[in-house]
Amino acid sequence: MSIRTNYEKWYSTEDYYWGLEPGDFLEELIQLCPPESGKKVLDIGCGEGKDAVYMAQMGYDVSAFDLTENGIRKTIKLANAKNVSINAYVDDINTFDIREQFDIVYSTGTIQYLFEQNKKEFFEKINRITQKNGVVYFNVFVEKTFLELPPDWDLEEKMWKSGELFTFFPDWKTERIDEVIFEDFSGGIPHFHCMDTIICRKMI
Ligand SMILES: C[S@@+](CC[C@H](N)C(=O)[O-])C[C@H]1O[C@@H](n2cnc3c(N)ncnc32)[C@H](O)[C@@H]1O
């Protein structure tokens, strides 16, 4: 079963697979780049839109894309329910082409679906579409020889090397980088993940 099919199926019900609680990291982004005078946000791999809709409620002008039609349908439905408007559409992180610039660009739980050969070009695009003084947030699962592959790991997901994410932003100002190991119960079997996270600001 392909990744599009898996997520399409998970997103096909009226429940919100990832819930409706926005990610904690958004508060950090809001502090680093407050929503004054129509600041623009891009959510890459927005799922069912919980984070994108929250950012619209905070006053940002939000664009968001995901590979799944059901995810985008539910993002728009959630935005309507919260009385905000969002530019949400289906697109692929491996091929997307955007000409405008954003003050905040983020992606959570998604860049493990980037093909190896597209990583460099992806971060060149991120550099192009981020406004000077804008901030970005990315996280990604990384491999550790002492951790087993999670039981619900999808063959289309690719673990990154520890620290690899940080190498794509040499000329940016680091606001936070970290690597944490945490326990997870998805798939019904307790297991551990290691995750790298970066928040940084474009200076030039
Ligand atoms: C773990 S979910 C995270 C969703 C959302 N960011 C959240 O935190 O609720 C990963 C998301 O990546 C999306 N995805 C997978 N491959 C993708 C691709 N090639 N392009 C765009 N989105 C993709 C999936 O459809 C799914 O919504």
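The shell around the ligand comprises 7 nonpolar, 7 polar and 5 charged residues, where Ala, Val, Leu, Ile, Met, Phe, Trp, Tyr, Cys and Pro count as nonpolar, Asp, Glu, Lys and Arg as charged, and the others, Gly among them, as polar. The model is a predicted one, in which local features need pLDDT of at least 70, side-chain atom pairs count only at pLDDT 80 or more, and totals for chains, interfaces and linings use all residues. Residues are numbered from 1 along each chain as its sequence is written, and side-chain values use heavy atoms, with hydrogens and water left out.

A polar backbone atom of Gly45 is 2.7 Å from a nitrogen atom of the ligand, and a backbone N or O atom of Ile93 is 2.9 Å from a ligand nitrogen atom. On its own the ligand has 590 Å² of accessible area, of which the protein covers 93% (Shrake-Rupley method, 1.4 Å probe).

The structure also holds 21 aromatic pairs, that is, rings of Phe, Tyr and Trp (its six-membered ring) with centres within 6.5 Å; planes under 30 degrees apart count as stacked, over 60 as edge-to-face and the rest as tilted. The pair of Phe25 and Tyr137 is stacked, because the ring centres are 4.0 Å apart and the planes stand at 15°. Phe25 counts as buried at 7% relative accessibility, and Tyr137 likewise counts as buried at 6% (under 20% relative accessible area, 1.4 Å probe, protein chains only).

Conventions
Polar contact = N/O pair within 3.5 Å; in protein donor to acceptor, adjacent residues only side chain to side chain. Buried < 20%, exposed > 50% of the residue type's maximum accessible area, 1.4 Å probe, protein only.
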